[in-house]
Amino acid sequence: MGQFAGLCVLVSGATGGFGKKTAERYAEGGANLVLTDLHQDGLQEFAAGLPAKTACLAGDISDEKLSKKLALLAVEEFGGLDIAINNAGVAQNFLKLHQVPSNEARHIIDIDLLGVFYAMKHQIRVMEQQYRQTGRRGIIVNIASIAGLAGAPHLSVYAAAKHGVVGLAKSAAVEYATKGIRINAVCPSFARTDMALDILRTAPDGEEAATANLVRGVPMKRLAEIDEVVEVIMFAGNPANSFMTGQTLAVDGGIEAI
């Protein structure tokens, strides 16, 4: 029996970066998985290779109906929802605030902030009800960013969205602290995800210069590896870690220490 045997874990953004590795780790630990991402084919292909029972539903996380369906899917397939990893998101092009197209700003807010709000709204409803009825507890982990803890020049809208994600986690953690639900946020700096690397490759000064500029303020002077961030996600999303709620866990190579 694995560490997470019998638990239902929902992971959004499940086919790339942090989401994929997190889903794999929970599957290896014996969890049942509810997975979502934008494209059905890639999602089904990924799920088919996991050593776990899975239920998949593709869609756009900025559509509230998707979050409602995912929460209900967890109940229908696995009897409830124990852990939710709200990971789906998009990045912003490196631009000064006045250069950001308004439609791009709206797109980022819709996915990175409102998408998390919708997810939490419906996850909490399920978790609160199951705790009231059976004492079954719930965990929510929001994947925010170091840009949600401080200013992020040339990433202003992304930073605003991630500050909002942190605010949602902290506020809801207090609201539901006596309702059997723990809520925390993991705040990584840039890591070697495809999303981050694609942005660096298209930077005006080239990938090497952009990477050097990005890690200049990181005491470790490098990007994070995906596994390093996922270790913290697993820590936050572990039922044994039962007295930590409302926290922001910076995985940033020392940036917050400066």
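I start with the lining of the second largest pocket, where β5 (138–143) and β6 (181–188) each supply at least two residues. Strands here are DSSP runs (E, at least two residues), and helices are runs of H or I of at least four, numbered from the N terminus.

This is a predicted model, in which local features need pLDDT of at least 70 and side-chain atom pairs pLDDT 80 or more, while totals for chains, interfaces and linings use all residues. Residues are numbered from 1 along each chain, and side-chain values use heavy atoms, without hydrogens or water.

Back to the pocket. A pocket is an open set of points on a 1 Å grid over the protein atoms alone, with protein on both sides within 12 Å along at least five of seven lines, and lining residues have an atom within 4 Å of a point. The second largest pocket has a volume of about 260 Å³, that is, the space filled by probe spheres set on the points. Of its 15 lining residues, R137, G138, G180, R182 and S242 are the closest to its centre.

Now the helices. The axes of α3 (residues 64–78) and α4 come within 8 Å and cross at roughly 30°; axes are lines fitted to C-alpha atoms over the stretch in contact, with angles from 0 to 180 degrees between N-to-C directions. Therefore α3 is roughly parallel to α4, a label for angles under 35 degrees. On the α3 side, the contact (heavy atoms within 4.5 Å) is made by E64, S67, K68, A71 and V75.

Terms used
1 Å grid on protein atoms, 1.4 Å probe; cavity = no way out; pocket = protein on both sides within 12 Å on 5 of 7 lines; lining within 4 Å. Parallel < 35°, antiparallel > 145°, perpendicular 65-115°, else oblique.
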